[in-house]
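Welcome, and take a moment to look over the chain before reading on.

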Amino acid sequence: MALSPMVPELSALELLLAVARHGSVGQAAAELGISQPAASARIKGMERQLGVALLVRSPRGSRPTPQGLLVIEWARQVIEAAQALDAGIAALREDRDARLRVVASLTVAEYLMPGWLLALRAARPDTAVTLRTANSAAVAEQVLAGEADLGFVEGPGTRSGLAGTVVATDRLVLVVAPGHRWAGRRAPVNAAELAATPLVLREPGSGTRDVLDRALLAAGAGRATPLLELASTTALKAAALAGAGPVCLSELAVADELATRRLVEVPLHALDLRRPLRAVWPAGRRPAGPARDLLSFTKKT
């Protein structure tokens, strides 16, 4: 049930106990770091609230009235219980802050997470971090199941039951090996031609595959046709370098290969392959402790 409005605040009870220890309002005020006038006003306010006199004041100090002695004893029990609660909460926070479980899609884990985790390590050297990788669908499942404190996914939406925020923006690009027939192509590949061409693709459920299929469907071209389905960005890139066929994957993943011409970007016509990269967590529960700090580092970069 709700507490009576006559129950004093904890700070007032702490002050009363300090006065009982020292026999002086001034010394109690000094112990608690408040002025003597403020302490006197707080005691008088508590007496008005309770409707009884708690202290007898004299030039030699302050001593409890009989009613004050009763309130002091009750206050001691309340403060001891509050101190136990405070210690328990501190222990819970220390346990929470001692570890951070992160699960991230491959693009985020391979190309963005290392820098973020280095920054977190500098800020929280005592926090043990575990990082797992999975496709975006599996990331969402693990966060919802409580197997991770924070997740990172690719794609346009957030699954029901999760809240999130955009931490970066990526773009998918179509790349081929220099010897592929599309390597020197000037005319952009349109949605219908791309959908009809067998591609080296990520597996269904990955953010990369989802973004590509959504863009093709929005253009009325149907879903992508798989030549190969591979479960990692590294495998996709290796297939592209080996000349297995056209590959659609993150611009972050192939920046070095494009710069050194080991892969060639093929122009696309009227396909929006930009995608947000999101941090996600269970809806209704904002990240705290190390998870909150990791989020702050993603914003800085």
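Leu199 touches Leu174, Leu194, Leu212, Ala224, Thr225, Pro226, Leu227, Leu228 and Pro246, with residues up to four places away in sequence left out of the list. Contact here means heavy atoms within 4.5 Å. This is a predicted model, in which local features need pLDDT of at least 70, side-chain atom pairs count only at pLDDT 80 or more, and totals for chains, interfaces and linings use all residues. Residues are numbered from 1 along each chain as its sequence is written, and side-chain values use heavy atoms, with hydrogens and water left out.

Leu199 is among the residues with the most contacts inside the largest nonpolar core, which has 21 residues; Leu174, Leu194, Leu212, Leu216, Leu271 and Leu273 are listed with it. A nonpolar core is a set of buried Ala, Val, Leu, Ile, Met, Phe, Trp, Tyr and Cys residues joined through side-chain atoms within 4.5 Å. At least two residues of this core come from each of β6 (162-176), α8 (191-196), β7 (198-202), α9 (207-218) and β10 (264-266). The largest share, four residues, is supplied by α9. A second, separate core of 20 residues includes Leu100, Leu112, Phe152 and Leu294. In soluble globular proteins, nonpolar side chains tend to be buried together.

Now turn to Leu227, one of the contacts of Leu199. Leu227 is found in strand β8 (residues 225-230). Setting aside neighbours within four places in sequence, Leu227 is in contact with Pro198, Leu199, Val200, Ala244 and Gly245. Leu227 and Val247 are 20 residues apart along the chain, and their C-alpha atoms are separated by 9.8 Å.

| Residue | Relative accessible area | Class |
|---|---|---|
| Leu227 | 43% | partly exposed |
| Gly33 | 65% | exposed |
| Arg261 | 54% | exposed |
| Ala270 | 65% | exposed |

Gly33 lies in the loop between α2 (25-32) and α3 (36-50). Gly33 and Pro156 are 123 residues apart in sequence, and 53 Å apart in space from C-alpha to C-alpha. Arg261 sits in the loop between α11 (255-259) and β10, and its phi is near 65 degrees, a positive value in a residue other than glycine. Ala270 lies in the loop between β10 and β11 (274-282). Ala270 is not a glycine either, yet its phi is positive, at about 55 degrees.

What does the secondary structure of the whole chain come to? It comes to twelve helices and eleven strands; these are DSSP runs numbered from the N terminus, helices being H or I of at least four residues and strands E of at least two. The radius of gyration of the protein chain is 31 Å, well over the 19 Å that the globule rule gives for 301 residues, so the chain is more spread out than a compact globule. That radius is taken over C-alpha atoms, and the rule is 2.2 Å times the number of residues to the power 0.38. Along the principal axes, the C-alpha atoms fill a box of roughly 100 × 35 × 30 Å. Of the 301 residues, 42% count as buried. Among contacts with a separation of 6 or more, 73% are between residues 24 or more positions apart.

Definitions and conventions
Buried < 20%, exposed > 50% of the residue type's maximum accessible area, 1.4 Å probe, protein only.
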